[in-house]
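Please read it with the sequence and the coordinates open.

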Amino acid sequence: MDITEIYEIYKKHPVVTTDSRDCPEGSIFVALKGEKFDGNQYAMQALEKGCSYAIVDSQEFRAKSLEYACTVPSSLAENSQLSTLVSRLIVVDDCLQTLKDLAREHRRQFQIPIIGVTGTNGKTTTKELIAAVLSEKFNVHYTRGNFNNDVGVPKTLFQLSSEHEIAVIEMGASHPGDIKTLVQTVEPTCGIITNVGRAHLQGFGSFEGVKRTKGELYDFLIDRCTAPAPIFINADNADLMQMAEERKAPRLIKYGKETADEVAVRGKVIDCAPFLRFSWHADGGMEHEVKTHLIGAYNIDNMLAAATIGLHFGVSEEQVCHALENYTPTNNRSQLTVTPHNHLIVDAYNANPTSMKAAVDNLAAMDVPAKMAILGDMRELGEVSADEHQRIVDLLQEKGLTDIWLVGEEFGNTDCPYRKFKDVEEVRAAITECMPQDRYILIKGSNSMRLYTLPEVL
């Protein structure tokens, strides 16, 4: 079968599952492989549980399918149940590629704007802010949670329906070529790279590798679209501007704070004590002040991006302000949690040198008393990991921050005066012995450090 034939089956059975434990009646099971599992082993079980079809790619099923095709009808009576199940196998060369191709075929049924979002930091918050702004005018489909990889993106696209008027699709990357693969599935009509920073260096190899991979979104929008596609870009970001200029991007829609360039939207931070308050205006428009529910002056870039994209699609300035003022984070990103003991600045979903520096800079700049930070190791930095962790502790000392707890082996090997812990369990034990009180505490580290478990004990 080619992908158009498989899509005809999908139209009759428009639910795709990759989990044999979750097999809705009439769905299609796709047998993905991982380092420790092979979905092909569960394909027959998925059919027995209720799936109408199973897409498989193992040689064993290829042989069974060929055997079934060559068997004379009279012999099928000996094992009619097995033969029925085998007849519902769709054998392909690569299940993951088929999943992506099928999702792209579904995406092509909708002639609506699709905004691709990627970047080292801020892409999830920016995606949610864009969706919030656009929802003031449109029925918006957008990536839920962090379904931004080569499995999550297809699953997001399968949820597109005729009710949706616009879509915002987040795309993540940790290796060269990841964004190229995803944009070929999503086929965005416009896009934004929030920024490029020093993250996943073990996978990318270098900062230049990060820029090349993130820039694959620009490449697609410039090379593959029939008309010049809008690229929304932070004109203050020299790396992004260089990437766009090198590619001779024909249609840049700029936003910024300090740039001398002409921009669609310009803004400035008013204060952050602790929530970000900022002002903004469109080109030639009136000044607006927005009080947000986000921690961190660095979030102004995400706010301005959402405002710029909203205005481009006809959302009014008043609607933009309403959406930005009412957005509340719920995903351990730039989130303020108030407990009976402390104010917690929870940014524990992920960490890399760029985002960690921004968080430390923001903590130092916040006009609040009794500042403290609990920082966990930044993972996947490869051979530069020791240097990057040392830079962070040097920055903490430069900013005059003294009440610091460092968690993990990498921070443990740094040269600094701060208190160090092997893991989050040691931190929890220390909190039990002596609870910090009446502090504004930044909690940040890579997700695998599990610092997101600390708010419940602080």
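How many nonpolar, polar and charged residues does the lining of the largest cavity have, by class?

1. The lining has 7 nonpolar residues, 1 polar residue and no charged residues. Bear in mind here and below that this is a predicted model. The lining residues are Ile 295, Tyr 298, Ile 345, Ala 359, Asn 362, Leu 363, Met 366 and Leu 442.

2. On the cavity itself: searching the whole structure gives 1 cavity of 30 Å³ or more. The space in the largest cavity is about 40 Å³. Helix H15 (residues 353-365) supplies 3 residues, the largest share of the lining.

3. Leu 442 counts as buried because its relative accessibility is 3%, and the cut-off for buried is under 20%. Apart from neighbours within four places in sequence, Leu 442 is in contact with Ile 345, Ala 359, Val 360, Leu 363, Met 372, Ala 373, Ile 374 and Leu 375. Between Leu 442 and Asn 362 there are 80 residues of sequence separation, and their C-alpha atoms are 9.8 Å apart.

4. The sheet that holds S19 is open and has 6 strands, in the order S14-S15-S19-S16-S17-S18, with mixed pairing. Its edge strands, each pairing on one side only, are S14 (335-338) and S18 (419-421). From one strand to the next, the twist averages 20°. Helix H15 packs on this sheet and touches S15, S16 (371-376) and S19 (440-444). The direction of H15 makes about 170° with that of S16.

5. A second open sheet has 4 strands in the order S1-S2-S3-S4, and its pairing is parallel. Strands S1 (16-17) and S4 (89-91) are the edges, each pairing on one side only. Helix H5 (residues 95-107) packs on this sheet, in touch with S1, S2 (28-30) and S3, and its direction makes about 120° with that of S3. S3 (residues 53-56) and S4 run parallel and are joined by 3 bridges. Ala 54 has Leu 89 in S4 as its bridge partner.

6. Which residues of helix H11 (residues 216-223) are buried? They are Glu 216, Leu 217, Tyr 218, Phe 220 and Leu 221. An α-helix has 3.6 residues a turn, so residues three or four places apart point the same way. The buried residues of H11 pack against strands S5 (114-118), S8 (190-193) and S9 (231-234), and against helices H8 (178-186), H10 (207-214) and H12 (238-246).

7. Two backbone angles deserve a look. Lys 248 is not a glycine, yet its phi is positive, at about 55°. This lysine lies in the loop between H12 and strand S10 (252-256). Lys 248 counts as exposed because its relative accessibility is 69%, where exposed means over 50%.

8. Asp 438, also not a glycine, has a positive phi of about 55°. Its place is the loop between helix H18 (424-433) and S19. With a relative accessibility of 62%, Asp 438 counts as exposed.

Key:
Residues numbered from 1 in each chain as written. Predicted model: local features only at pLDDT ≥ 70, side-chain atom pairs only at ≥ 80, totals over all residues. Heavy atoms only, no water. Buried < 20%, exposed > 50% of the residue type's maximum accessible area, 1.4 Å probe, protein only. Contact = heavy atoms within 4.5 Å. 1 Å grid on protein atoms, 1.4 Å probe; cavity = no way out; pocket = protein on both sides within 12 Å on 5 of 7 lines; lining within 4 Å. Points joined across faces, edges and corners; volume = space filled by probe spheres on them. Nonpolar A, V, L, I, M, F, W, Y, C, P; charged D, E, K, R; others polar. Pairing = 2+ DSSP bridges. Axes fitted to C-alpha atoms, helices over the stretch in contact; angles between N-to-C directions.
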